[in-house]
Amino acid sequence: MTYDPNNIFARILRGEIPCKKVYEDAHVLAFHDINPQTPVHVLVIPKGAYVSFDDFSAKASDAEIAAWIRATGKIARDLGVAESGYRVLSNIGSDGHQEVPHLHMHLFGGKPLGRMIKPADK
Ligand code: AMP
């Protein structure tokens with residue numbers, strides 16, 4: 001998948017459309033999902049133009065990778081789900097049902113989340 005600079009998250013990063021920001025640093029932006037699936041549903045994105053986890057892991061600097069991981073953990077703590085538990089998930093590509101072609105980590109929490117994938121889905 002190639003990076004489309006007009007994807008919705010690129011436009012949020014450029015300030016062309018608003019977001020409900022929860023965290024920002026030099027390498028990372030995090031904001032509430034516009035269509036939350038759980039009481040806590042935040043998207044944590046690198047600021048760089050990376051489309052997928054494999055793209056990011058191959059091309060991003062150590063500082064960018066560390067920032068993305070550290071930010072996700074900090075947001076879990078700051079939003080109060082570290083004790084109760086939460087889920088981080090990144091949808092990649094067609095089989096992964098990725099809708100926005102800018103790498104993002106979903107952070108879900110605030111209620112029991114159930115199994116990750118139903119056994120019948122195997
Ligand atoms: P994915 O299937 O992992 O690509 O999910 C993309 C996510 O982006 C979905 O959960 C959408 O609700 C969310 N989303 C799409 N547009 C926006 C937006 N403008 N602000 C915040 N979240 C968005």
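Reader: In strand β3, which residues are buried on one side and which on the other?
Author: This is a predicted model. In a regular strand the side chains alternate between the two faces of the sheet. β3 spans residues 40–46, and seven of its seven residues are buried. Both faces are covered: His41, Leu43 and Ile45 lie on one side, and on the other Val40, Val42, Val44 and Pro46.

Reader: How many bridges join β2 to β3, and what is the bridge partner of valine 28?
Author: Strand β2 covers residues 28–32 and runs antiparallel to β3. Five bridges join the two strands. Within β3, valine 28 has as its bridge partner proline 46.

Reader: In which sense do β3 and β5 pair, and what is the bridge partner of valine 42 in β5?
Author: β5 is the strand of residues 105–109. Its pairing with β3 is antiparallel, over five bridges. The partner of valine 42 in β5 is leucine 107.

Reader: Which element gives the most to the largest nonpolar core?
Author: This core has 18 residues, and Val28, Val42, Val44, Trp68, Ile75 and Leu107 touch the most other members. Two or more residues come from each of β2, β3, α3 and β5. The top contributor, with five residues, is α3.

Reader: Which residues does isoleucine 75 touch, not counting residues up to four places away in sequence?
Author: Isoleucine 75 is one of the buried residues of α3. Leaving out residues up to four places away in sequence, its contacts are Tyr23, Ala30, Val42, Val44 and Leu107.

Reader: How many residues are in the other core, apart from the largest one?
Author: Ile12, Leu29, Phe31 and Leu43 are among its members. Leu43 sits on the β3 side that also holds His41 and Ile45. The other core counts seven residues.

Reader: Against which elements do the buried residues of α3 pack?
Author: An α-helix has 3.6 residues a turn, so residues three or four places apart point the same way. In α3 the buried residues are Glu64, Ala67, Trp68, Ala71, Thr72, Gly73, Ile75 and Ala76. They pack against β1, β2, β3, α2, β4 and β5.

Reader: What span does α3 reach from its first C-alpha to its last?
Author: α3 has 17 residues. At 1.5 Å a residue, 24 Å is expected. The model comes close to that, at 24 Å.

Reader: Is aspartate 55 buried or exposed?
Author: Aspartate 55 is found in helix α2, residues 53–59. It touches Ala49, Tyr50 and Ala60, residues up to four places away in sequence not counted. The cut-off for burial is under 20% relative accessible area. Aspartate 55 has 11% relative accessibility, so it counts as buried.

Note on methods. Residues are numbered from 1 along each chain as its sequence is written. This is a predicted model: local features need pLDDT of at least 70, side-chain atom pairs count only at pLDDT 80 or more; totals for chains, interfaces and linings use all residues. Side-chain values use heavy atoms; hydrogens and water are left out. Helices (H or I, at least four residues) and strands (E, at least two) are DSSP runs, numbered from the N terminus. Buried means under 20% relative accessible area, exposed over 50%, partly exposed in between (1.4 Å probe, protein chains only). Contact means heavy atoms within 4.5 Å. Two strands pair if DSSP finds at least two bridges between them. A nonpolar core is a set of buried Ala, Val, Leu, Ile, Met, Phe, Trp, Tyr and Cys residues joined through side-chain atoms within 4.5 Å. The expected span of a helix is 1.5 Å times one less than its number of residues.
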